[in-house]
Amino acid sequence: FNLVREEDGFAAFTKHAAKVAEAAKVFTANFRQSDDDLVSVFAHGIAVRPKFVEAFEAIAEASGAKEVNVGPVKDLFRALEKTCMRTQDRWKADNVHDVVRCQIVCASVAEMAKTLQLIVDANDTFIIGECKDRFSKPTKGGWADCALKLSMAGDPNKHQCEVQIVHEKLMAVRNPMREHDEYAQFRSAREILDLHRKIDFASVP
């Protein structure tokens, strides 16, 4: 991560991401899936996925990004787990934003900045509901990216998808060292602890 942070343009990129996040706040408060039934959320995601894939393959090509990794439809067990971990409205699925998702892997911060700008400029194609700059604040699991939640303009279901803009140097660590598998295990454990954070574990035998 430090190697990425030291690249030219890093500060400008994080500043730009902050502006995108601020502009998206008009949508963020109510940015939920249009249905809270898990089966419907998956059906809406599967319906919009071909247009999503086509659009982001074009974005990656235009930005010169190294590659675009289109993930499979989200694992149903993980989606169910996410609904279970809610402290309110348990089992409702309107908070599952990554049934449809992709990663755009960039070779430099400059490519990341260009990719983000292309997405912002395509406001006739995408509606950005949230922008999280995790380069400025990496996750507790040590991961950093620029994560966007957005919907495709014209989608009658307004299904929200996820896009991660990622630096290849971080991917180089994550994949060979299987960091993602370890992160997934850590994330689930952390969510359970967060859910039950009022338990006094010191009293548990």
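## Contacts and overall make-up

Among contacts in the protein chain between residues at least 6 apart in sequence, 73% join residues at least 24 apart. The model is a predicted one. Buried residues account for 43% of the 205 residues in the protein chain.

The protein chain contains 7 helices and 5 strands. Read from the N terminus, its elements follow the order α-α-α-β-α-β-α-β-β-β-α-α. The accessible surface of the protein chain is about 11,400 Å², and 54% of that surface belongs to carbon and sulfur atoms.

## The sheet

The 5 strands of an open sheet are arranged in the order S1-S2-S5-S4-S3, and their pairing is mixed. Strand S1 (67-70) and S3 are the edge strands, each pairing on one side only. From one strand to the next, the twist averages 20°.

S2 and S5 are paired in the parallel sense, over 6 bridges. Val-105 stands opposite Val-166, a residue of S5. Helix H5 lies across S2, S3, S4 and S5, and runs at about 160° to S5.

## The nonpolar core

In soluble globular proteins, nonpolar side chains tend to be buried together. Here the largest nonpolar core has 47 residues. The members that touch the most others are Phe-52, Phe-56, Ile-104, Ile-119, Phe-126, Phe-135 and Leu-148. Helices and strands both supply this core: at least two residues each come from elements including helix H2 (10-28), helix H3 (38-63), strand S2 (101-106), helix H5 (109-121) and strand S3 (126-133). Strand S4 (146-152), strand S5 (160-167) and helix H6 (168-174) also supply at least two residues each. H3 gives the most, with 10 residues.

Which residues does Phe-56 touch, not counting residues up to four places away in sequence? They are Val-68, Cys-102, Ile-104, Ile-119, Phe-126, Leu-150 and Val-163.

## The cysteines

How many disulfides does a search of the whole structure find? The search finds 0. A disulfide would need the two sulfur atoms to be within 2.5 Å.

Are Cys-84 and Cys-106 buried or exposed? Cys-84 counts as buried because its relative accessibility is 19%, and the cut-off for buried is under 20%. Cys-106 also counts as buried, with a relative accessibility of 0%.

Notes:
Residues numbered from 1 in each chain as written. Predicted model: local features only at pLDDT ≥ 70, side-chain atom pairs only at ≥ 80, totals over all residues. Heavy atoms only, no water. Core = buried A, V, L, I, M, F, W, Y, C linked by side-chain atoms within 4.5 Å. Buried < 20%, exposed > 50% of the residue type's maximum accessible area, 1.4 Å probe, protein only. Helix = DSSP H or I, 4+ residues; strand = E, 2+ residues; numbered from the N terminus. Contact = heavy atoms within 4.5 Å. Pairing = 2+ DSSP bridges. Axes fitted to C-alpha atoms, helices over the stretch in contact; angles between N-to-C directions. Areas by Shrake-Rupley, 256 points an atom, 1.4 Å probe, with all protein chains shown as cover.
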